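Please read them with the structure open beside you.

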Amino acid sequence: MTVRLRPHHLLCMLTFVGKGYTAAFTENYIRIAARLSAGEDILVVEGPDDVCAPMLGEADHHCLCDSVTERDLKARQAVEALLKVSASPGASIRPDTDFLKSMREAFSAGSIRQGCARCEWSPLCTGIAASGFDGVLVVPLDG
């Protein structure tokens, strides 16, 4: 199996500590974090993904907003520049130790956070990165 993630969720997963928009959203993301930590690959998708699923039934969900699509574009470009691999829809990414280490180092340095612009969770994520990613739920199987 694979976890379907839109590009900006490649950044969000780095700092996920079990907080989210709603209880259903958070419970779903905790399950996704466990799957990623167990070694499931990521399939990069365009638009709403497995993380978005609980939000799609709500009246004013933001998963289809232009601002979120822009976050995806900026995140994709930043991840591709860092890792020299595709993060475009259809790409497969293995969230192993090397991937998470490289991404978290770059996230801490601020060099891949273009996709975080105007995100309400950005201050929380900044604090988690400053703590050395203490308490994050996506951890590599081999790490």
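## Notes on the predicted model

1. The sulfur of Cys119 lies 5.9 Å from the closest cysteine sulfur, that of Cys12, which is too far for a bond. Seen from Cys12, the closest cysteine sulfur is in Cys119, again at 5.9 Å and too far for a bond. A search of the whole structure accordingly finds zero disulfides, a disulfide being a pair of cysteine sulfur atoms within 2.5 Å. As for accessibility, Cys119 is buried at a relative accessible area of 19%, whereas Cys12 is partly exposed at 25%; here buried means under 20% relative accessible area, exposed over 50% and partly exposed in between, with a 1.4 Å probe and protein chains only.

2. Some conventions should be kept in mind: residues are numbered from 1 along each chain as its sequence is written, and side-chain values use heavy atoms, with hydrogens and water left out. The model is predicted, and local features therefore need pLDDT of at least 70, side-chain atom pairs count only at pLDDT 80 or more, and totals for chains, interfaces and linings use all residues.

3. The protein contains five helices and three strands, and from the N terminus on its elements run β-α-α-β-α-β-α-α. The radius of gyration is 14 Å, close to the 15 Å that the globule rule gives for 143 residues, so the protein is as compact as a globular protein of that length. Helices (H or I, at least four residues) and strands (E, at least two) are DSSP runs numbered from the N terminus, while the radius is taken over C-alpha atoms and the globule rule is 2.2 Å times the number of residues to the power 0.38. The C-alpha trace spans about 40 × 30 × 25 Å along its principal axes, and 44% of the 143 residues count as buried.

4. The three strands form an open sheet in the order β1-β2-β3, with mixed pairing. At the edges stand β1 (2-5) and β3 (92-93), each with a single partner strand, so one side of each is left without a neighbour in the sheet. Strand β2 (residues 41-44) pairs with β1 in the parallel sense over four bridges, where two strands pair if DSSP finds at least two bridges between them. Within this pairing, Arg4 stands opposite Leu43 in β2.

5. Grid points are joined across faces, edges and corners, and a volume is the space filled by probe spheres set on the points.

6. The largest cavity is lined by 30 residues, of which Cys12, Tyr21, Tyr29, Cys119 and Trp121 lie nearest its centre. Two or more lining residues come from each of α1 (9-15), α2 (23-37), α3 (66-83) and α5. The lining divides into 19 nonpolar, seven polar and four charged residues; Ala, Val, Leu, Ile, Met, Phe, Trp, Tyr, Cys and Pro count as nonpolar, Asp, Glu, Lys and Arg as charged, and the others, Gly among them, as polar.

7. The second largest cavity, of about 50 Å³, is lined by Ser67, Glu70, Arg71, Lys74, Ala117 and Arg118. This lining divides into one nonpolar, one polar and four charged residues.

8. The largest pocket holds about 170 Å³ of space, and its lining includes Arg6, Pro7, Val45, Glu70 and Arg76. By class, four of the lining residues are nonpolar, two are polar and five are charged.

9. Arg118 has a phi near 65 degrees, a positive value in a residue other than glycine, and lies in the loop between α4 (97-109) and α5 (122-130), where at 66% relative accessibility Arg118 counts as exposed. Phe133, in the segment after α5, likewise has a positive phi near 65 degrees, but at 11% relative accessibility Phe133 counts as buried.

Notes
1 Å grid on protein atoms, 1.4 Å probe; cavity = no way out; pocket = protein on both sides within 12 Å on 5 of 7 lines; lining within 4 Å.
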